[in-house]
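Subject: Structure handover

Hello,

Here is the structure for you to look over. My notes on the helices follow it.

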Amino acid sequence: MEKDLCIFVCTHGKFGEELIKSAEMIAGKSENVYSFSLLPGMPPEEYKEMMEAALQKEAGKKVLCLVDLFGGTPCTTCAILSQRYDMQVISGLNLAMYIEITSQKDHHSREELIDVGLSILQSSGKDVIKLLKNLS
């Protein structure tokens with residue numbers, strides 16, 4: 001449904017790059033996914049310029065930004081850029097959310113993917129030992 005959708009993975013350090021590699025081991029490669037790593041000592045302006053270059057390259061496409069930490073530089077940079085570009089932003093990125101969103105992005109609207117991502121985020125945390133104890 002959203003064939004013209006790009007996913008931006010925006011994180012502190014190489015977390016996003018490694019998350020994408022891990023997801024590829026599990027679910028295969030996803031198209032139209034970009035990773036933006038805020039590295040130690042990198043000025044926020046440089047981070048913003050990297051993202052803007054990709055936004056200009058993908059002009060006309062909708063963007064869904066998956067960010068690691070609400071209020072951090074990747075998140076605030078996406079929020080600022082969303083004032084000029086067609087972007088939506090979800091914070092709290094984890095592997096389950098990423099796999100679910102990228103595997104469904106060709107079948108759902110961006111708004112539906114936001115709901116999917118938030119739902120997975122809420123349901124992906126488990127107390128494993130408590131669950132195992134309840135089985136016995």
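Helix α3 (residues 73-81) buries P74, C75, T77, C78 and L81; buried means under 20% relative accessible area with a 1.4 Å probe, protein chains only. Seen down the axis of α3, these residues fall within an arc of 165°, so they line one face of the helix. The arc is taken from the directions from the helix axis to the C-beta atoms. Their cover includes β1 (5-12), β2 (33-38), α2 (44-57), β3 (62-67) and β4 (87-91). Helices (H or I, at least four residues) and strands (E, at least two) are DSSP runs, numbered from the N terminus.

This is a predicted model: local features need pLDDT of at least 70, side-chain atom pairs count only at pLDDT 80 or more, and totals for chains, interfaces and linings use all residues. Residues are numbered from 1 along each chain as its sequence is written, and side-chain values use heavy atoms, without hydrogens and water.

Next, α4 and α5. The axes of α4 (residues 95-104) and α5 (residues 110-123) come within 8 Å and cross at roughly 155°. Axes are lines fitted to C-alpha atoms, for helices over the stretch in contact, and angles run from 0 to 180 degrees between N-to-C directions. That makes the pair roughly antiparallel (over 145 degrees). A96, M97, E100, I101 and Q104 in α4 meet L113, V116, G117, I120 and L121 in α5, with contact meaning heavy atoms within 4.5 Å.

Then α1 (residues 15-27) and α4. Their axes come within 10 Å and cross at roughly 60°. L19, I20, S22, A23, I26 and A27 in α1 meet L95, Y98 and I99 in α4.

Best wishes

Technical notes: Angles under 35 degrees count as roughly parallel, over 145 as roughly antiparallel, 65 to 115 as roughly perpendicular and the rest as oblique. Buried means under 20% relative accessible area, exposed over 50%, partly exposed in between (1.4 Å probe, protein chains only).
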